[in-house]
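My notes follow in the order I checked them.

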Amino acid sequence: MFKLIGDSINITRGDTGMLQLSSSLDGKEMEKGTYTAVLSVKEDMDCEAYLLQKQADDNGRFFFSHEDTKDIPEGTYVYDIEIRTGEQVCTIGASKFIVKGDVTRDD
């Protein structure tokens, strides 16, 4: 399961998914390849270490593979997305990144 509910990302540990970013600047949609976007997940806002970081492709898509979350313990974490274009920086979030447990494991 991979769902965006409100601004919270919900994923079952080890599942795959894709998040499509729709970005605009001054009310106009940004052209593909003119910006970078990074999604970062941490245990909490004060933690220095990242549990996960994903770079968006040129179409603004974040792809989550099985390997990305298979070892993250079930729990509620925090994420944001930082978008950069030229000298401008915009951050979406911070919001919840919820990892649900799974029964079937590939240990």
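Predicted model: local features only at pLDDT ≥ 70, side-chain atom pairs only at ≥ 80, totals over all residues.

Next I asked which side chain K54 meets in a salt bridge. The partner is D68, at 2.8 Å from N to O. D68 is buried as well, at 18% relative accessibility. I placed K54 in strand 7 (residues 50–55) and D68 in helix 1 (residues 66–69), so the pair ties together parts that are 14 residues apart in sequence.

I then counted the salt bridges and got five. Among them is R61 with D57, at 2.9 Å from N to O. I noted R61 as partly exposed at 26%, and D57 as partly exposed at 24%. Another is D71 with K70, at 3.3 Å. Here D71 is exposed at 59% relative accessible area, whereas K70 is buried at 17%.

I turned to the largest nonpolar core, which has 21 residues. The members that touch the most others are L19, A37, L39, F62, F64, I81 and F97. Strands 2, 6, 8, 9 and 10 each supply at least two residues of this core. Strand 9 gives the most, with four.

I listed the contacts of I81, leaving aside neighbours within four places in sequence. They are L19, A37, V38, L39, F62, C90, T91 and I92.

Last, I checked for disulfides and found zero. I recorded C47 as partly exposed at 22% relative accessible area, and C90 as partly exposed at 44%.

Terms used. Residues numbered from 1 in each chain as written. Heavy atoms only, no water. Disulfide = S-S within 2.5 Å. Buried < 20%, exposed > 50% of the residue type's maximum accessible area, 1.4 Å probe, protein only. Core = buried A, V, L, I, M, F, W, Y, C linked by side-chain atoms within 4.5 Å. Contact = heavy atoms within 4.5 Å. Salt bridge = Lys/Arg side-chain N within 4 Å of Asp/Glu carboxyl O.
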